[in-house]
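Please walk me through this protein model, from its overall build down to single residues. I would like an explanation in plain paragraphs.

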Amino acid sequence: MCGIIGIVGKSEVASALYDALTVLQHRGQDAAGIATTDGSRLRLHKGGGLVRDVFQREQMLGLRGRIGIGHCRYPTAGSEGAGEAQPLYVNSPYGIALAHNGNLVNTDTLRREMFEDDRRHINTDSDSEILLNVLAHEIQIQDRLALTADNLFKAVAGVHRRCIGGYAVVAVVLGYGILAFRDPHGIRPLVLGERDTAEGKEYAVASESVALDILGFRLLRDVAPGEAVLITLDGQVYARQCAEPARHAPCIFEYVYLARPDSMIEDVSVYKARLRMGEKLAAKILRLRPDHGIDAVIPIPDTSRTAASSLAQALGVPMREGFVKNRYIGRTFIMPGQSERVKSVRRKLNAIGLEFRKKNVLLVDDSIVRGTTSKQIIQMAREAGAKSVYFASAAPPVRHPNIYGIDMPAAAELVAHGHSEAEIEKLLGADWLVYQDLDDLVAAVAEGNDNLVEFDTSCFSGEYVTGVEATYLDQLEFARSDEAKSRRRQPG
């Protein structure tokens, strides 16, 4: 759930990279970094915190160059310290800086190969460092006398053969340009754009099209699954399919929660996909409870607002803004520790009593993960005077961890894991709970693009498109538990 951006421009790009990261900030609030180059020297600044906090005027003035990449991160297991902030850099061969969104699932094997076969030392627990070193090694074994597009594409093919997981990558190869590529299944998103200037065309690659919009780039297309795009120092663009054909299965959770509604992913409007989610959820409510008695539909800010609006319209019920959000509080989904998440809900939302008093209200959220936030919000609605509190999720029950770059909690900490919907309803304290059906969610997104026939729905279905070893899931269960994260945060 990180945000990445890369630009090959005709003038200085640091300020454009900064602006792009600010609109990708929803993808990660833990750390940020920018690397730029004038062709021969790399300039890098990164640190923990929001983009606006990491970069001050002094740092921005030092990031000289018309080529660069940027990254904003939220912490995943193994990538939680300031030392793992990206972009990451290796000086051999040529000098490579890399920013990565996603997660590899065969890191133990790769780490062993790095040491025993490639003679490279991995200094952190970050899979991004492993991916960087795999790319560096694959470039190094090409013809050293001729760093060509063909050699770089062969190196990416080597990365695809070795690395398993979901990943989107932008990398600066010093003296050559920006190399961008996406995993063979296209799990994590990556788009390509261009803009015209007086000096010629400029190109950008980013996690979401909204980053291109803010900079005035035209969205050309998505980078295809398994494809690599090379943008050279002089602005030439080369592209090649570098992986064997695989099941194209983009992450459906991007449309549910991660992406901004004003983004396009796989030629599908995230906004329209969420409208369709609301319509399909309304149809289910009308099937189950035609005499629902709902007085008002109230979205839980902000990602559920789009689905709630179409749901309310389909039900013929007014939508009301019942909660006011403090926009200076981060997303509770990525808050460290259960107690911190509970406290942050009350700091984040305040109920407008007039919209709840003596009413049967339907609260709508994009999804329910731990259930901590949902339970607190339902209680807030009751305290505000609601007669009955119904709860609707625009996504199906989240019963399994995501292993492709979304740091969902350990399975045991997911409220839906091992529980029926009736049991979850009781745990949350709702008078009625309704989830989106998985088939309806898939249909809501796929309707925007006839070529999309499959998605990664692993957090709902438990089916992992790349395959996964049971031992990996066991290790992940431990690494992602709140207890384990608490121990890692303790000094010493």
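Helices here are DSSP runs of type H or I with at least four residues, and they are numbered from the N terminus. By that naming, Thr306 belongs to helix α10, which covers residues 305-315. The model is a predicted one, and everything below should be read as a description of that prediction.

Begin with the chain as a whole. The protein chain contains 17 helices and 21 strands. A compact globule of 492 residues would have a radius of gyration near 23 Å, and the protein chain has 23 Å, so the two agree. The C-alpha trace spans about 75 × 50 × 45 Å along its principal axes. Buried residues make up 61% of the 492. Taking contacts between residues at least 6 apart in sequence, 70% join residues at least 24 apart.

An open sheet of seven strands comes next, with antiparallel pairing and the order β3-β2-β4-β1-β10-β9-β11. At its edges stand β3 and β11 (218-222), each with a single partner strand, so one side of each has no neighbour in the sheet. On average, and ignoring direction, neighbouring strands of this sheet are turned by 15 degrees against each other. As background, the strands of a sheet pair through backbone hydrogen bonds, in either a parallel or an antiparallel way.

Two of the pairings can be followed by residue. Strand β2 (residues 31-37) and strand β3 (residues 42-48) are antiparallel and share seven bridges, with Thr36 opposite Arg43 in β3. The hairpin of β2 and β3 has four residues between the strands, and Gly39 in this hairpin takes a positive phi near 115 degrees. Strand β1 (residues 3-8) pairs with strand β4 (residues 67-73) over six bridges, also in the antiparallel sense, and here Ile5 stands opposite Gly70 in β4. Helix α1 (residues 14-23) lies across β1, β2 and β4, and runs at about 155 degrees to β2.

Now return to helix α10. Which of its residues are buried? They are Thr306, Ala307, Ala308, Ser310, Leu311, Ala312 and Leu315. These buried residues pack against α9 (270-288), β16 (296-299) and β19 (360-365). Thr306 has a relative accessible area of 11%; the cut-off for buried is under 20%, so Thr306 counts as buried. Leaving out neighbours within four places in sequence, Thr306 is in contact with Pro261, Tyr271, Arg274 and Leu275. Just after α10, Gly316 takes a positive phi of about 75 degrees.

Not counting residues up to four places away in sequence, Val268 touches Tyr255, Ser263, Ala273, Arg276, Val445, Gly448, Asn449 and Leu452. Val415, by comparison, is 147 residues from Val268 in sequence and 30 Å from Val268 in space, C-alpha to C-alpha.

The last topic is the aromatic rings. A pair of aromatic rings is described by the distance between the centres and the angle between the planes. When rings pair if their centres lie within 6.5 Å, the count comes to eight aromatic pairs. In one of them, the rings of Phe253 and Tyr257 have centres 6.0 Å apart and planes at 45 degrees, so this pair is tilted. Both residues lie in helix α8 (residues 253-258), four residues apart, which is about one turn of the helix. An α-helix has 3.6 residues a turn, so residues three or four places apart point the same way. Phe253 and Tyr257 are both buried, and together with Phe460 they form one aromatic cluster.

Tyr390 and Trp432 form an edge-to-face pair, at 6.2 Å centre to centre and with 80 degrees between the planes. This pair links distant parts of the chain, as Tyr390 is in strand β20 (residues 388-393) and Trp432 is in strand β21 (residues 432-435), 42 residues apart. Tyr390 is buried, and Trp432 is buried as well. Over the face of Tyr390 lies Arg289, at 6.0 Å from the ring centre.

Terms used. Residues numbered from 1 in each chain as written. Predicted model: local features only at pLDDT ≥ 70, side-chain atom pairs only at ≥ 80, totals over all residues. Heavy atoms only, no water. Phe/Tyr/Trp six-rings, centres within 6.5 Å; stacked < 30°, edge-to-face > 60°. Helix = DSSP H or I, 4+ residues; strand = E, 2+ residues; numbered from the N terminus. Buried < 20%, exposed > 50% of the residue type's maximum accessible area, 1.4 Å probe, protein only. Lys NZ or Arg CZ within 6 Å of the ring centre and 35° of its normal. Pairing = 2+ DSSP bridges. Axes fitted to C-alpha atoms, helices over the stretch in contact; angles between N-to-C directions. Contact = heavy atoms within 4.5 Å. Rg over C-alpha atoms; globule rule 2.2 N^0.38 Å.
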